[in-house]
Amino acid sequence: MAMCDELGPKGDAEGYMQAYVEEYGGTSLCNVRKTEKGCSEKQKSFIEKWSSKPEAELKKQLDRVKGMVEKDGGSMKPDALAWAKQRLSIFKQLTQPRAEL
């Protein structure tokens, strides 16, 4: 059996595989500087909303979401935890100097 058949529905195997890699790898394929590939519509909208915010606000949100994932991650629903991890990745990227990306 092919891995994509085993791990997800045939119609959205690529999307499912991306979610699987992001969740279990603790990473995100979404790049805040190149959102056209690897980012969902939800991530794109979130990046658009937050990319113009002051760095202090971004760092505050980074700490808040990081605390949520670390402290409450075990009690969160899988979808909510996955979205929290995606937001965490976005905030980490937005608070890095551009040269590091």
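# Notebook: a look through a helical chain

**Entry 1, helix H5.** I began with a length check on helix H5, residues 78-95. At 1.5 Å a residue, its 18 residues should span 26 Å, and I find the end C-alpha atoms 26 Å apart, so the two agree. A reminder to myself: this is a predicted model. Next I listed the buried residues of H5, which are Leu81, Trp83, Ala84, Gln86, Arg87, Leu88, Ser89, Ile90, Phe91, Gln93, Leu94 and Thr95. I was glad to have that list to hand, since several of these names return below.

How many helices and strands does the chain have? I count five helices and zero strands. Along the sequence this reads as α-α-α-α-α. Of the 101 residues in the chain, 29% are buried. I then looked at contacts between residues at least 6 apart in sequence, and 45% of these join residues at least 24 apart. The accessible surface comes to about 7000 Å², with 51% of that belonging to carbon and sulfur atoms.

I searched the whole structure for disulfides and found one. Which residues form the disulfide? They are Cys30 and Cys39, with their sulfur atoms 2.0 Å apart. I also looked up the handedness: the torsion about the S-S bond is about 95 degrees, so this disulfide is right-handed. Are Cys30 and Cys39 buried or exposed? Cys30 is buried, and so is Cys39.

I stayed with Cys30 for one more distance. Gln93 is 63 residues from Cys30 in sequence, yet their C-alpha atoms are 9.7 Å apart in space. Gln93 belongs to helix H5. Its relative accessible area is 11%, and buried means under 20%, so Gln93 counts as buried.

My search of the whole structure gave two salt bridges. As background, side chains of opposite charge can pair when their charged atoms come close.

One of the two joins the side chains of Lys44 and Glu41, at 3.5 Å from N to O. Both residues sit in helix H3 (residues 41-50), three residues apart, which is about one turn of the helix. Lys44 is partly exposed, with a relative accessible area of 24%. Glu41 has 59% relative accessibility and counts as exposed, because the cut-off for exposed is over 50%.

Another salt bridge joins the side chains of Lys59 and Glu55, at 3.1 Å from N to O. Here both residues are in helix H4 (residues 55-72), and the spacing is four residues, again about one turn of the helix. Lys59 is partly exposed at 41% relative accessibility, and Glu55 is partly exposed at 45%.

An α-helix has 3.6 residues a turn, so residues three or four places apart point the same way.

**Entry 6, aromatic rings.** I turned to the rings and found four aromatic pairs in the structure. Among them is Phe46 with Trp50, a tilted pair with 6.0 Å centre to centre and 40 degrees between the planes. Phe46 and Trp50 both lie in helix H3, four residues apart, about one turn of the helix. Phe46 is buried, and Trp50 is buried too.

How are the rings of Phe46 and Trp83 arranged? Their centres are 5.5 Å apart and their planes stand at 80 degrees, so I noted the pair as edge-to-face. Phe46 lies in helix H3 and Trp83 in helix H5, so this pair ties together parts that are 37 residues apart in sequence. Trp83, like Phe46, is buried.

Which residues make up the aromatic cluster? I wrote down Phe46, Trp50, Trp83 and Phe91, which form one cluster. Trp83 and Phe91 had already turned up among the buried residues of H5.

My last stop was the loop between H4 and H5, where Met76 is found. What does Met76 touch, leaving aside residues up to four places away in sequence? I find contacts with Met68, Leu81 and Ala84. Leu81 and Ala84 are both on my list of buried residues in H5.

Conventions:
Residues numbered from 1 in each chain as written. Predicted model: local features only at pLDDT ≥ 70, side-chain atom pairs only at ≥ 80, totals over all residues. Heavy atoms only, no water. Disulfide = S-S within 2.5 Å. Buried < 20%, exposed > 50% of the residue type's maximum accessible area, 1.4 Å probe, protein only. Helix = DSSP H or I, 4+ residues; strand = E, 2+ residues; numbered from the N terminus. Expected span 1.5 Å × (residues − 1). Salt bridge = Lys/Arg side-chain N within 4 Å of Asp/Glu carboxyl O. Contact = heavy atoms within 4.5 Å. Areas by Shrake-Rupley, 256 points an atom, 1.4 Å probe, with all protein chains shown as cover. Phe/Tyr/Trp six-rings, centres within 6.5 Å; stacked < 30°, edge-to-face > 60°.
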